[in-house]
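Trainee: I would like to go through this model and ask what stands behind each label. Please give me the cut-offs as we go.

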Amino acid sequence: MNTERKHVVVVGTNFAGYTAAIELKEMLGNHHDITVISPTHKFLFYPSLIWFPFGIRDEKDITFDVRPIYQSHDIKFIEAPATHFDLENHKVFLAQGDPVEYDYLVIATGFAVDYDYVPGLREHAHSIIGIKQATRTREAWQKFLQNPGPAAVVSVQGTGCFGASYEILFNTRYQLAKHHLKEKSPLTYISSEPYPAHFGIGGFGNAQKMCEMLFKFYHIDSRFNVSVKEFLPDGILLDTGEKIPSVFTVAIPRFLGAECVRNTPGLGNAMGFIEVGNDYRHPKYHEVYVVGAAVDVKLPEHTDKPCGVPKTGYPSEQMAKIAAKNIVADIKKLPKRYELPFAEINALCIMDTGNMGMMIVGDHMLTPREHEFIIPGPEAHWAKVAFEKYFMFTRKHAIV
Ligand SMILES: Cc1cc2nc3c(=O)[nH]c(=O)nc-3n(C[C@H](O)[C@H](O)[C@H](O)COP(=O)(O)OP(=O)(O)OC[C@H]3O[C@@H](n4cnc5c(N)ncnc54)[C@H](O)[C@@H]3O)c2cc1C
């Protein structure tokens, strides 16, 4: 066994980065060094942001400080954004401080939101992607309640986060009903998906039928297979020329890879996502692993309007576990490699609709699947609430 001390650097500390750091520590013990780099010390549980605009969750409920956990695990933490990587010389450059050298690098920098992709998106649509953005959306919702009108939720062309779009749509519907605004505030869903519940993955079980039923039951109007030309103060202009009226618009924009990836020539594709093998290792730089939303996942099928693949929390953590095992195998010069293609990771998701929901369970993220179940009902809402509590408790205790 090789006992030379190695330095593993993990960049990013949310679903993928946090899991990778804790897994690596558990497997490597104190024989090697682990450093985590991130611009924030807060872990953010994105799935609960769908409740944030309505005051159902606050920052303290859905974030935790990673610093005491890293400290107790003897993992070094540097709170600074990486600006770029020198892949030939094994260095991570930071916005402040000296570059950090590595023997192995895990890139878990997730996604950046492309608010400039469509005119008016930044000014006239609201976002739930981050605490700051969701706080502004909460303020806009309060104003909207004083002066209600039509509302819309938009899955912008190129996005891959359709689950969040449906959840904020159905939660907005639920809140409108609670505030007796069903008549005053017609709700429209606009999406680049070719049909309801396509999700960027060609659909899932009978989700399309169920979504269509819910749209009809709740009187939600919809436009599918469309792109947005412009967001306006009082509506959304589509590529068909139609203008959908809305005075409260929530948009899920398309994602790019993190800026530090886009700043590093030869690392990612034009969008800033990084191609890897089924072992999550970079094909050229073998000491570099990439996990989570930073990974480039090819679309399983062509769509007329651009759609992205949802790289959700569970697969992000699974990728991190595979990468961690392979780094340990590399360090210990073990012959075994671990592989788990993205398409074959289990599909496990809960889509909340306010007081109900759907549990989405399948053996594979992408088709072909042998098993795919949609379990609708009020228990799905409570399952999401319970999962949030379970997730926050376990992760705060370094159980990944
Ligand atoms: C509103 C919303 C709702 C969602 N709901 C669900 C859901 O219900 N279920 C589900 O499974 N998934 C859901 N997702 C998707 C889920 O959040 C992502 O799959 C997950 O966040 C990906 O994890 P990640 O660690 O790869 O990336 P991220 O969570 O984006 O983490 C990236 C990390 O990298 C750090 N970082 C970024 N840039 C730099 C830099 N330059 N230098 C150093 N560090 C950097 C960030 O600070 C962060 O710590 C949702 C997403 C959104 C936006």
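Trainee: Where does W141 lie?

Mentor: W141 is part of helix α5, residues 131-146. Helices (H or I, at least four residues) and strands (E, at least two) are DSSP runs, numbered from the N terminus. This is a predicted model, in which local features need pLDDT of at least 70 and side-chain atom pairs count only at pLDDT 80 or more, while totals for chains, interfaces and linings use all residues. Residue numbers start from 1 along each chain as its sequence is written.

Trainee: Why is W141 called buried?

Mentor: A residue is buried if 20 or more other C-beta atoms lie within 10 Å of its own, exposed if 12 or fewer, and partly exposed in between; the C-beta atoms are placed from the backbone. W141 has 20 other C-beta atoms within 10 Å, so W141 is buried.

Trainee: Which residues is W141 in contact with, leaving aside neighbours within four places in sequence?

Mentor: They are P53, F54 and F248. Contact means that the C-beta atoms of two residues, placed from the backbone, lie within 7 Å.

Trainee: F248 belongs to strand β17. What makes β17 largely enclosed?

Mentor: Five of the five residues of β17, residues 248-252, are buried, so the rest of the structure largely encloses this strand. In a regular strand the side chains alternate between the two faces of the sheet. In β17, F248, V250 and I252 are buried on one side, and T249 and A251 are buried on the other.

Trainee: How do you know that β11 and β17 pair?

Mentor: Pairing requires that DSSP finds at least two bridges between two strands. Strand β11, residues 151-155, and β17 have five bridges, in the parallel sense. A152 stands opposite T249 in β17.

Trainee: Why is H180 called exposed?

Mentor: H180 has 10 C-beta neighbours inside 10 Å, so H180 counts as exposed. H180 is found in the loop between α6 and β12.

Trainee: And what about Y280, buried or exposed?

Mentor: Y280 counts as buried because it has 31 C-beta neighbours inside 10 Å. Y280 lies in the loop between α8 and β19.

Trainee: What makes the backbone at these two residues worth a look?

Mentor: Most residues other than glycine have a negative phi, and most peptide bonds are trans. Phi of H180 is near 55°, a positive value, and phi of Y280 is near 65°, also positive. The peptide bond from T367 to P368 is cis, with omega near 0°.

Trainee: What makes a set of residues a nonpolar core?

Mentor: The members are buried Ala, Val, Leu, Ile, Met, Phe, Trp, Tyr and Cys residues joined through C-beta atoms within 7 Å. The largest such core has 112 residues, and A20 and V106 are among those with the most contacts inside it. Not counting residues up to four places away in sequence, A20 touches several residues, including V106, V291 and A323.

Trainee: How do you know that the size of the chain agrees with a compact globule?

Mentor: The radius of gyration is taken over C-alpha atoms, and the globule rule is 2.2 Å times the number of residues to the power 0.38. For 400 residues a compact globule would have a value near 21 Å, and the protein chain has 21 Å, so the two agree. Buried residues make up 45% of the 400 residues.
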